[in-house]
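Take a look at the protein below.

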Amino acid sequence: MKKLIIIFFSAALGISFLFIGFGSYVSTSHVIKLGNTKITTNEFNEAYDNYKVENEISNLSDDQDLYTKIQFLNEFINELAYEEFLNEKIAISENSKKIILKKSLNNEELFKNLDETILQNSLKEIEKGIHADIFNNSLNAPDLVKGDIFEELLVQKDLDIYEIGIRNYLSSKSHEKEFFESYEIYKVELNNYDLKKYVEEELITSEIIIQYFEENSEEFIEPTRYTYEQIISVNDYENDFNLLKENQDNQFKLFEAVDEKLILPKVKEKLDILNLNEVSSPIQIGEKYFYVKLIETREQKIKNFDEVKEEINETLIQNEIDNFDINNITDQMNKYKDSFIFYSNTFNFLENIPNEFHFINFNDFENSLIHENKLIEYSVKNSDITELSSEIKLQFLKSYDMYKEDNIQSHSEDDLIKTGSVQVNYFTDSLTIKGFFLSEEDLEKVVTIKENNLLKVSLPNEVIYLKIKEISKIDPLNIKQNIVNLIYSTIINEIKNNYEIEVNNQEILKL
């Protein structure tokens, strides 16, 4: 049970922790300060690197690295708060820690010859372990998961999400004053450059393609390829290939046009001396015996320029796009540019932007990026009603008025279109639907929804309906684990409230 509780506690450390807003950052000698604990850039980097190794995280894109770094920072701050609190509350003498270390090493000579850095790090880890044990034991955590949970509460509900597809009323356009007083208006300016066309027509020449072919000729050698049947058996006394194939205890597979580099060396040796449709003698590899039957051999081939020039062209284009400097847009590129202006608002921003641009994170307000061989420049600026055409203004008001009417009107299932699903149970403490957190009142209605009921929920810019698709049972152990995690999370949050926390966000983002 102790191991489980430690796992619970580790999970609890991942509570949401804001990436900004912890006090004012003054000193430049550290990137994090929590109570008396200060973390330098090197210490943060080392801890972050260890975190990635422990969680087998590698080859991250810039966006993935930022997300991972924020997630790590959440956990790291919680761990620092926990350690700071226990250091203040629990005192362990150096002598006691050394006795524990000496006993754990069980080697007097090794203990005496420990490097000072290793010794101090080891004593620090021992202290952490003792603190965790004392903390867990003081809570009597195993007792937290002893009790039974009412069967009626162990219910998982799979809900279908419905949007309103058919409306049997006309909008009145009567909320103009309310709309323009409640929501900001934005002007979105967007330049869309056909980067592939620009690179192909302006940067890649026939001379460059020929040069690439001459300098990288080894890329255009088609290796010898083999098509063959293979059987793996545990014995070597059967010589009839067809009988071997029929034996269910053996493993049979047909390999088609396989690159010679991918074939086991001992198998390739046999294939090289076999005639077409000839079967090899048993090939022993480890404790198994391989039998192969050669079907076809395609000899190595050097492709000529005409065969590969289009492939080279595509490779060069992609290389240029992948390494394109988005901050260096020349006048020459203007003939490959399409410019757009869109108007939107804070009520339903994306609804007023064409679907093809929904991949853009407009929260940045201004940025450049490459997407599907297109270079996108965009900016989002505040605007007002005076810039809107009558058509756009009418479009905004119609959408808002429809939303107001949707809140008043009732809809049958025939009026609705299923657009997704969500899961809830009686222990769900927060829920996001279509990017919006539900209020406590709405969440309670969703969690207690009854079978065959159509539940209406008003999101900030849309009215949706929910209906139970399926009901299943929950493993009570999962719920008990979540309860323990919540208790630990609450404790950690209370601990953090006792400390002034400073985070140098700008420096961390540079790391």
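This is a predicted model. Start with a contact between two helices. On one side, helix 8 brings Leu195, Lys196, Val199, Glu200 and Leu203. The contact of helix 8 with helix 12 has five nonpolar, one polar and four charged residues.

How do we describe such a pair? Two packed helices are described by the angle between their axes and by the distance between those axes. Here helix 8 covers residues 195-203, and helix 12 covers residues 305-322. Their axes come within 10 Å and cross at roughly 115 degrees. The crossing of helix 8 and helix 12 is right-handed.

Helix 13 spans 390-408. Strand 3 (155-164) also supplies at least two residues of the lining. By class, the lining of the second largest pocket has five nonpolar, five polar and six charged residues.

Finish with a single residue. Glu269 sits in helix 11, which runs over residues 265-273. Is Glu269 buried or exposed? Its relative accessible area is 55%, so Glu269 is exposed, as the cut-off for that word is over 50%. Along the sequence, Glu269 and Ile283 are 14 residues apart. In space, Glu269 and Ile283 are 10.0 Å apart, C-alpha to C-alpha.

Conventions:
Residues numbered from 1 in each chain as written. Predicted model: local features only at pLDDT ≥ 70, side-chain atom pairs only at ≥ 80, totals over all residues. Heavy atoms only, no water. Helix = DSSP H or I, 4+ residues; strand = E, 2+ residues; numbered from the N terminus. Nonpolar A, V, L, I, M, F, W, Y, C, P; charged D, E, K, R; others polar. Axes fitted to C-alpha atoms, helices over the stretch in contact; angles between N-to-C directions. Left-handed = near helix turned anticlockwise from the far one by under 90°. Contact = heavy atoms within 4.5 Å. Buried < 20%, exposed > 50% of the residue type's maximum accessible area, 1.4 Å probe, protein only.
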